Amino acid sequence: MTSILSNYLTTAWRYNLKNALFSSINIAGLAIGLMSCILIMLFVRDETGYDQWVPEADRIVRMHSAYYVPGRPPFLTVRSAGRMMPAVRDYAKNEVQDGVRLVSYGVTVRQNGEGIEDQVMLVDGSFFNVFDLPFVNGSVSSSFNKPFDLLLTEETAM
């Protein structure tokens with residue numbers, strides 16, 4: 001059994017040495033094809049797996065805005081103006097159930113001369129209407145009752 005496999009490998013090796021150009025073109029084509037398939041699979045996996053930790057993620061979309069100023073190229077952003085969400089809700093009543101604005105900021109909290117850098121999200125009061133996230137302490141009804149209410153992750157609180 002081993003001698004048969006050895007014979008096949010020896011024959012293949014001799015053929016590849018005899019036809020080096022043809023073999024190298026075939027091997028390069030196989031390598032490029034495999035690399036392309038792997039990259040496409042990784043791209044599709046990344047695109048379809050985005051925000052899957054959020055309950056009902058298939059119902060959540062991100063709105064992109066373009067602001068046009070005469071004489072300038074359009075300004076593209078994911079941030080929306082203050083009154084845009086009520087306007088979108090009124091315009092697309094059947095398509096939009098609710099909406100929330102999120103703005104991310106990097107902040108440094110200092111205590112006893114020691115600084116901790118973290119990301120802070122400024123959100124609308126309708127945040128928990130869109131994102132159904134669990135609470136360790138408190139509830140949805142007790143959050144965002146006053147301006148500048150603060151919610152912390154368990155990791156940040158520790």
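At 15% relative accessibility, Thr 77 counts as buried, and its place in this predicted model is in strand β2, which covers residues 75-77. Leaving out residues up to four places away in sequence, Thr 77 touches His 64, Ser 65 and Tyr 67.

**Confidence in the model**

The protein chain has a mean pLDDT of 84, and 99% of its residues reach 70 or more. Among the elements of the chain, helix α2 (residues 20-48) has the highest mean pLDDT, at 95, whereas helix α5 (residues 154-157) has the lowest, at 76. Where pLDDT is low, the predicted coordinates should not be read in detail.

**Helix α1**

Helix α1 runs over residues 2-18, and its end C-alpha atoms are 24 Å apart, which agrees with the 24 Å that its 17 residues should span at 1.5 Å a residue. The helix is hardly covered, since the count of buried residues among its 17 residues is zero.

**The β3-β4 hairpin**

Strand β3 (residues 102-111) and strand β4 (residues 114-123) run antiparallel and are joined by 10 bridges. The two strands form a hairpin with two residues between them, and in that turn Asn 112 has a positive phi of about 55°. Along the pairing, Val 103 stands opposite Leu 122 in β4, while the bridge partner of Val 107 in β4 is Asp 118.

Tyr 105 is found in strand β3 and is partly exposed, with a relative accessible area of 40%. When residues up to four places away in sequence are not counted, Tyr 105 touches Asp 118, Gln 119, Val 120 and Leu 122.

A polar atom of the Asp 124 side chain lies 3.0 Å from the backbone nitrogen of Arg 101. Apart from its neighbours within four places in sequence, Asp 124 is in contact with Val 100, Arg 101 and Phe 144.

Although Phe 144 and Asp 124 are 20 residues apart along the chain, their C-alpha atoms are separated by 8.4 Å. Beyond residues up to four places away in sequence, Phe 144 touches Val 123, Asp 124, Gly 125, Phe 127, Phe 128, Asp 149 and Leu 151.

Which residues make up the largest nonpolar core? This core has six residues in all, namely Val 54, Ala 57, Val 100, Phe 127, Phe 128 and Phe 131. In soluble globular proteins, nonpolar side chains tend to be buried together.

Phe 128, one of the core residues, is in contact with Leu 133, Phe 135, Val 140, Ser 143, Phe 144 and Leu 151, leaving aside its neighbours within four places in sequence. Leu 133 is found in the loop between α4 and α5 and counts as partly exposed at 22% relative accessibility. Not counting residues up to four places away in sequence, Leu 133 touches Trp 53, Phe 127 and Phe 128. Leu 133 and Thr 48 are 85 residues apart in sequence, with their C-alpha atoms 21 Å apart in space.

**Accessibility of the residues described**

| Residue | Relative accessible area | State |
|---|---|---|
| Thr 77 | 15% | buried |
| Leu 133 | 22% | partly exposed |
| Tyr 105 | 40% | partly exposed |

Conventions: Residues numbered from 1 in each chain as written. Predicted model: local features only at pLDDT ≥ 70, side-chain atom pairs only at ≥ 80, totals over all residues. Heavy atoms only, no water. Pairing = 2+ DSSP bridges. Helix = DSSP H or I, 4+ residues; strand = E, 2+ residues; numbered from the N terminus. Core = buried A, V, L, I, M, F, W, Y, C linked by side-chain atoms within 4.5 Å. Buried < 20%, exposed > 50% of the residue type's maximum accessible area, 1.4 Å probe, protein only. Contact = heavy atoms within 4.5 Å. Expected span 1.5 Å × (residues − 1). Polar contact = N/O pair within 3.5 Å; in protein donor to acceptor, adjacent residues only side chain to side chain. pLDDT = per-residue confidence, 0-100.
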